[in-house]
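Here is a short briefing on the chain shown below.

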Amino acid sequence: CSSLIKWLAFAMFLGAGTQSFLTQLSEAQCYNGDGLELVSLSQSMFVFYCIIQVVSAILSLLLAPVSAYYGGKLEGVPFVK
């Protein structure tokens, strides 16, 4: 469930056109030096967020079977016998 929600959040960011909006802001150069620096920083933070979101969704998907198998069965860490 958590992986699905993360994928939906990622799809919403891409579907909203955030990357193209930030690119258009950068190309328009409507701001002074500080403003353009902030737009550039926003672009890099958006890319960083997308990477972290995808990695988090993949790891949540990998964790789901482990959670389903061990969930509620053990009191502590699963030990190998």
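**Cys50 and its setting**

Cys50 counts as buried, because its relative accessibility is 11%, under the 20% cut-off. The model is a predicted one. Cys50 is found in helix 3.

- Ala11 lies 39 residues from Cys50 in sequence. In space the two are 9.8 Å apart, C-alpha to C-alpha.

**Overall make-up**

- The chain holds three helices and zero strands.
- From the N terminus on, the order is α-α-α.
- The chain has 81 residues, and 15% of them count as buried.
- Its accessible surface comes to about 6,400 Å². Carbon and sulfur atoms account for 70% of that surface.
- Take the contacts between residues at least 6 apart in sequence: 65% of them join residues at least 24 apart.

**Helix 1 against helix 3**

- Helix 1 spans residues 2-15. It packs on helix 3 at an angle of about 155°, with the axes 8 Å apart.
- The two helices are therefore roughly antiparallel to each other; the cut-off for that term is an angle over 145 degrees.
- Helix 1 passes helix 3 in a left-handed crossing.

**Helix 2 against helix 3**

- Helix 2 covers residues 18-28 and helix 3 covers residues 33-70. They pack at an angle of about 160°, with their axes 9 Å apart.
- That angle makes helix 2 roughly antiparallel to helix 3.
- Helix 2 passes helix 3 in a left-handed crossing.
- Helix 2 contributes Thr18, Gln19, Leu22, Thr23, Leu25 and Ser26 to the contact.
- Helix 3 contributes Leu36, Val39, Ser42, Gln43, Phe46 and Val47.
- The residues of this contact of helix 2 with helix 3 divide into six nonpolar, six polar and no charged.

Terms used
Residues are numbered from 1 along each chain as its sequence is written. This is a predicted model: local features need pLDDT of at least 70, side-chain atom pairs count only at pLDDT 80 or more; totals for chains, interfaces and linings use all residues. Side-chain values use heavy atoms; hydrogens and water are left out. Helices (H or I, at least four residues) and strands (E, at least two) are DSSP runs, numbered from the N terminus. Buried means under 20% relative accessible area, exposed over 50%, partly exposed in between (1.4 Å probe, protein chains only). Contact means heavy atoms within 4.5 Å. Accessible areas come from the Shrake-Rupley method with a 1.4 Å probe; for residues, only the protein chains shown count as cover. Axes are lines fitted to C-alpha atoms, for helices over the stretch in contact, and angles run from 0 to 180 degrees between N-to-C directions. Angles under 35 degrees count as roughly parallel, over 145 as roughly antiparallel, 65 to 115 as roughly perpendicular and the rest as oblique. A crossing is left-handed if the near helix is turned anticlockwise from the far one by less than a right angle, and right-handed if clockwise. Ala, Val, Leu, Ile, Met, Phe, Trp, Tyr, Cys and Pro count as nonpolar, Asp, Glu, Lys and Arg as charged, and the others, Gly among them, as polar.
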